[in-house]
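Hi everyone, thanks for coming along. Let's look at this one together, strands to start with and then a pocket.

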Amino acid sequence: MVKIKEAILVEGRYDKNTLSQIVDAPILETGGFGIFRDAEQMALLRRVAQVRGLIVFTDADGAGFVIRNHIKSAIPAQFLKHAYTPDLFGKERRKAKGGKEGKLGVEGMSREVILESLRRAGATFEGEETAGTRHQITKADLMELGLYGPGSAGLRAALIKKLGFPERMSTNAFLQAVNLLCSLDELKQALEKENG
């Protein structure tokens, strides 16, 4: 498993599943064309890009480029990197037939092709010595803060609103977002301001 500093944005869950077996990095999904009407998700992507950097890794077909261009128009270029897959024709194993253009998507690429695409995009590959220097916020931390477990939904919803996260975030999505955007101390400070 290769650790990458930036977050990676893919189109859907199958792409995410493929990447999660190869790289250790936050992997976010556009939900396909769903990103066009989800202002909250776009706001979250913008914040993640500013804090951590964002690698856009969409399929090489027309739909992938439409999604990529939408992201490019919504997030400043200095926070984005772009990974491209080569035009390889075929179909993914899970599909009965290939896509409209007959090209393999991110999910159909080999480990070597994915890593080479990320290298060409300028991804920051972290060495063993730099990995894990920041404490990852856990569900136990959230529970201790009253943001997880029985009776926590109201406080978590208020904090989600205060932090500008998408309103309907699950607890797992909230956990991923706070790990991308703040430290445990920063989360505690935000919570104190909410309670204060």
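A definition before anything else: two strands count as paired if DSSP finds at least two bridges between them. Strands here are DSSP runs of E with at least two residues, helices are runs of H or I with at least four residues, and both are numbered from the N terminus. As for the source, this is a predicted model, where local features need pLDDT of at least 70 and side-chain atom pairs count only at pLDDT 80 or more, while totals for chains, interfaces and linings use all residues. Residues are numbered from 1 along each chain as its sequence is written, and side-chain values use heavy atoms, with hydrogens and water left out.

So, strand 2, residues 7–10. It pairs in parallel with strand 5, residues 54–56, over three bridges, and there Ala7 has Leu54 as its bridge partner. Three bridges also join strand 2 to strand 4, residues 27–29, again running parallel, with Val10 opposite Glu29. In a regular strand, side chains alternate between the two faces of the sheet. Which residues cover the two faces of strand 2? Ala7 and Leu9 are on one side, Ile8 and Val10 on the other, and all are buried; buried means under 20% relative accessible area, with a 1.4 Å probe and protein chains only.

Leaving aside neighbours within four places in sequence, Gln41 is in contact with Glu29, Ile35 and Pro166, where contact means heavy atoms within 4.5 Å. Gln41 is buried, at 16% relative accessible area.

Helix 2 also packs against helix 7, residues 171–181, at about 35°, with the axes 9 Å apart. Axes are lines fitted to C-alpha atoms over the stretch in contact, and angles run from 0 to 180 degrees between N-to-C directions.

Elsewhere, an open sheet of three strands has the order 3-1-7, with mixed pairing. Strand 3 (23–24) and strand 7 (125–126) are at its edges with a single partner strand each, so one side of each has no neighbour in the sheet.

Last, the second largest pocket. A pocket is an open set of points on a 1 Å grid over the protein atoms alone, where a 1.4 Å probe fits, with protein on both sides within 12 Å along at least five of seven lines; lining residues have an atom within 4 Å of a point. This one is lined by 22 residues, with Glu11, Asp59, Asp61, Arg94 and Lys95 nearest its centre.

Key:
Buried means under 20% relative accessible area, exposed over 50%, partly exposed in between (1.4 Å probe, protein chains only).
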